[in-house]
Amino acid sequence: MSYQQQLERIKNDIGFIAALDQSGGSTPKALRMYGVEESEYSNDEEMFAKVHEMRTRIMTCETFDSGRVLGAILFEDTMDREVNGKPTANYLWEDKNIVPFLKVDKGLAEEIDGVQVMKPIPNLAALLEKAKNYPIFGTKMRSVIHQASQHGIETVVQQQFDVAKQILSEGFMPIVEPEVNIESKDKLESEVLLKEEILRNLDSLDDDHQVMLKLTLPEEKGFYQELIDHPKVLKVVALSGGYSRDESCDRLAQNPGMIASFSRAFTEGLSKSQTDEEFAATIDASIDKIYNASKV
């Protein structure tokens, strides 16, 4: 029953998806920005405990509310932990009415042909089986495109959709994320090739299947409208990709129908040293700006 309610919420309600899924290599940077230095933890276990403290503070903050936040993307370690005495995903859905997603990729392979595909995900079936114990609605997996390489982009999108089909078969909604590097010298050309490949792969989905897409904010305003309107796309969400919050929101507002799924741009300005009042006010301002750009 919760899946159908979550589906309706993502499809019809106004808001954005908070990306709280930094893992492995990106975690020290996220903690550093929050004011936790690497000297404060000595191994991965301690590091993930520190980042869970940060995420818990965000999720339990009263200004992190379902009126503006539709969903949150979690890392496996976060799914396995608790918030306020409940599994994280249960807390988000049952206490906050915020739809939980799970990051399932294992990071990026080395760059070949101008792109980085996902590393193999050998335990995907087991991970999805574990996710069924929680009210997890969907998944997220990321690849990166650095150059406008036809073959490279074909490879990235094909891999994404192959894994998405496995995820769909287990009853989850996949977020397909072929990120285009914002520093790419031929970003617009990459986006043209990427849109063509996504459209081609959408046609290969079963008639009753949909996916979500998580894409870099495009160079051309309204560029992904064809994907937003596509019957096999539930939602197109935007990643911040290194743009500041201000620039991310400015670009997002130029793309009606896309909503935010920001990570760094969402947590920008949060600090461990802030009082609870300061922390809540900072999150409130961030959420408000991102929500307003998402509802255009």
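This is a predicted model: local features need pLDDT of at least 70, side-chain atom pairs count only at pLDDT 80 or more; totals for chains, interfaces and linings use all residues.
**Entry: α6 and α7**

I started with helix α6 (residues 124-131) and helix α7 (residues 150-169), whose axes come within 11 Å and cross at roughly 40°. That angle makes α6 oblique to α7; angles under 35 degrees count as roughly parallel, over 145 as roughly antiparallel, 65 to 115 as roughly perpendicular and the rest as oblique. For my own use: axes are lines fitted to C-alpha atoms, for helices over the stretch in contact, and angles run from 0 to 180 degrees between N-to-C directions. The α6 and α7 crossing is right-handed, the near helix being turned clockwise from the far one by less than a right angle.

Then I looked up who touches whom. Leu124, Ala125 and Leu128 of α6 make the contact with Val163, Gln166 and Ile167 of α7, where contact means heavy atoms within 4.5 Å.

**Entry: ground rules**

Residues are numbered from 1 along each chain as its sequence is written, and side-chain values use heavy atoms, with hydrogens and water left out. Helices (H or I, at least four residues) and strands (E, at least two) are DSSP runs, numbered from the N terminus.

Next I looked at helix α8 (residues 187-202). Its 16 residues reach 22 Å from the first C-alpha to the last, close to the 22 Å expected at 1.5 Å a residue; the expected span is 1.5 Å times one less than the number of residues. I noted several buried residues in α8, including Leu193, Leu194, Glu197 and Ile198 (buried is under 20% relative accessible area, exposed over 50%, partly exposed in between, with a 1.4 Å probe and protein chains only).

The axes of α7 and α8 come within 9 Å and cross at roughly 40°, so I put this pair down as oblique. Their crossing is right-handed. On the α7 side I listed Gln150, Ile153, Glu154, Val157, Gln158 and Phe161, which meet Ser190, Leu193, Leu194, Glu197, Ile198, Arg200, Asn201 and Leu202 in α8. Sorted by class, the residues of this contact are seven nonpolar, four polar and three charged.

**Entry: α3 and α5**

Helix α3 (residues 44-60) and helix α5 (residues 88-96) pack at about 10°, their axes 11 Å apart. I therefore wrote them down as roughly parallel. Here His52, Met59 and Thr60 in α3 meet Thr88, Tyr91, Leu92 and Lys96 in α5. The tally for α3 with α5 is three nonpolar, three polar and one charged.

**Entry: single residues**

Most residues other than glycine have a negative phi. I found asparagine 84 with a positive phi near 50°. Asparagine 84 sits in the loop between β3 (82-83) and β4 (86-87), and its 59% relative accessibility makes it exposed.

Aspartate 113 also isn't a glycine, and its phi is positive at about 60°. I placed aspartate 113 in the loop between β5 (99-103) and β6 (115-116), partly exposed at 38%.

Last, I checked asparagine 12 in helix α1 (residues 2-12). Asparagine 12 is partly exposed at 48% relative accessibility.

Methods: Ala, Val, Leu, Ile, Met, Phe, Trp, Tyr, Cys and Pro count as nonpolar, Asp, Glu, Lys and Arg as charged, and the others, Gly among them, as polar.
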